[in-house]
Amino acid sequence: MLSAGSVAPPVRAPATPSPPPTLDDDSSEWLRALRATGHDREAAIARLHELLLRAARFEVRRRSAAAVARTGWAELDDLAQHSADDALVAVLAKLDGYRGDSRFTTWAYKFALLEASVKMRRRAWQDREIPLDPESWATLAARDSGPDEDAEMGELLRAVRGAIAAELTPHQRSVLVAVTLDGVPIDVLAERLGTTRGALYKTLHDARRKLRHSLAAQGLRPDRLEPPPAP
């Protein structure tokens, strides 16, 4: 109850949700045609595939200067075709998720870029053995530091190696080393291990959380192992 002379707090009106973006005419036409039936839908799907193929070819070419000389464009164009096919399936499956924040063609274009980039990363590793030796963490090297920092960094690295051995499961050690030290792309590792990207991201998150807690309990600064900011 308010006492005499007190002022009631202002009543705030509930926030009004922002209206969905208004679609441009071209995006609206894309949606209409792709949701149609018969010839209209088939023609729209064919045009969409052409768009996605151009995007996939762009991404493959951007990533493959050395690969073209080694294997020729025919193999890489086949990879672009598969990327466009998979992107088309993804776009059609997620059509109801398009909200108009960008033009429809821009939204769809990103699916092809993603598919092509993933396939190119997998291709780069297809004939390479993925090292899954957790003991290779012992090769961890610190970034350049001054003489006064050598002792502290050495202590930190010894603590990291000890925490990896004591706190992490063998699976966590293998995934952490493969991704962090050996630079294996997460989607490539997921494919080789027969798991999903989401499962590996959780493994990495749990492993890093354990390491941070272990180092903090020893009064050490885990941020010292982070790469320096880009100039």
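The questions and answers below concern a predicted model.

Q: What makes up the secondary structure of the protein, and in which order do the elements run?
A: The protein has 9 helices and 0 strands. From the N terminus on, the order is α-α-α-α-α-α-α-α-α. Of the 231 residues, 36% are buried. Among contacts with a separation of 6 or more, 73% join residues 24 or more positions apart.

Q: How do you know that the span of helix α4 agrees with its number of residues?
A: Helix α4 covers residues 73-93, which is 21 residues.

Q: Which residues of α4 are buried?
A: They are Leu76, Asp77, Leu79, Ala80, Ser83, Ala84, Ala87, Leu88, Ala90 and Val91. An α-helix has 3.6 residues a turn, so residues three or four places apart point the same way.

Q: Why are α2 and α4 called oblique to each other?
A: Helix α2 (residues 38-63) packs against α4 at an angle of about 135 degrees. Roughly perpendicular covers 65 to 115 degrees and roughly antiparallel needs over 145, so an angle between these ranges counts as oblique. The pair α2 and α4 is therefore oblique. Their axes are 8 Å apart, and the crossing is right-handed. The residues in the contact of α2 with α4 comprise 15 nonpolar, 3 polar and 5 charged.

Q: What describes the packing of α5 and α8?
A: Helix α5 (residues 104-125) and helix α8 (residues 186-193) pack at about 65 degrees, with axes 9 Å apart. The crossing of α5 and α8 is right-handed. On the α5 side the contact is made by Val118, Arg121, Arg122 and Trp125, and on the α8 side by Asp187, Val188, Glu191 and Arg192. These contact residues divide into 3 nonpolar, no polar and 5 charged.

Q: Why does Ser117 count as buried?
A: Ser117 is a residue of helix α5. Its relative accessibility is 7%. Buried means under 20%, so Ser117 counts as buried. Leaving aside neighbours within four places in sequence, Ser117 is in contact with Glu59 and Arg63.

Q: What makes Ala124 partly exposed?
A: Ala124 also lies in helix α5. Its relative accessible area is 45%. Partly exposed lies between the 20% limit for buried and the 50% limit for exposed, so Ala124 is partly exposed. Ala124 and Ser64 are 60 residues apart in sequence, and their C-alpha atoms are 9.7 Å apart.

Q: How do you know that Leu189 is buried?
A: Leu189 is in helix α8. Its relative accessible area is 0%. The limit for buried is under 20%, so Leu189 is buried. Leu189 is 11 residues from Ala178 in sequence and 8.0 Å from Ala178, C-alpha to C-alpha.

Q: Which residues of α7 are buried, Ala178 among them?
A: The buried residues of α7 are Gln172, Arg173, Ser174, Val175, Leu176, Val177 and Ala178.

Q: How many residues does α7 have, and what distance does it reach?
A: Helix α7 (residues 170-181) has 12 residues. From its first C-alpha to its last it reaches 16 Å, close to the expected 16 Å at 1.5 Å a residue.

Q: Which residue with a positive phi follows α7?
A: Gly183 follows α7, and its phi is near 70 degrees.

Key
Residues are numbered from 1 along each chain as its sequence is written. This is a predicted model: local features need pLDDT of at least 70, side-chain atom pairs count only at pLDDT 80 or more; totals for chains, interfaces and linings use all residues. Side-chain values use heavy atoms; hydrogens and water are left out. Helices (H or I, at least four residues) and strands (E, at least two) are DSSP runs, numbered from the N terminus. The expected span of a helix is 1.5 Å times one less than its number of residues. Buried means under 20% relative accessible area, exposed over 50%, partly exposed in between (1.4 Å probe, protein chains only). Axes are lines fitted to C-alpha atoms, for helices over the stretch in contact, and angles run from 0 to 180 degrees between N-to-C directions. Angles under 35 degrees count as roughly parallel, over 145 as roughly antiparallel, 65 to 115 as roughly perpendicular and the rest as oblique. A crossing is left-handed if the near helix is turned anticlockwise from the far one by less than a right angle, and right-handed if clockwise. Ala, Val, Leu, Ile, Met, Phe, Trp, Tyr, Cys and Pro count as nonpolar, Asp, Glu, Lys and Arg as charged, and the others, Gly among them, as polar. Contact means heavy atoms within 4.5 Å.
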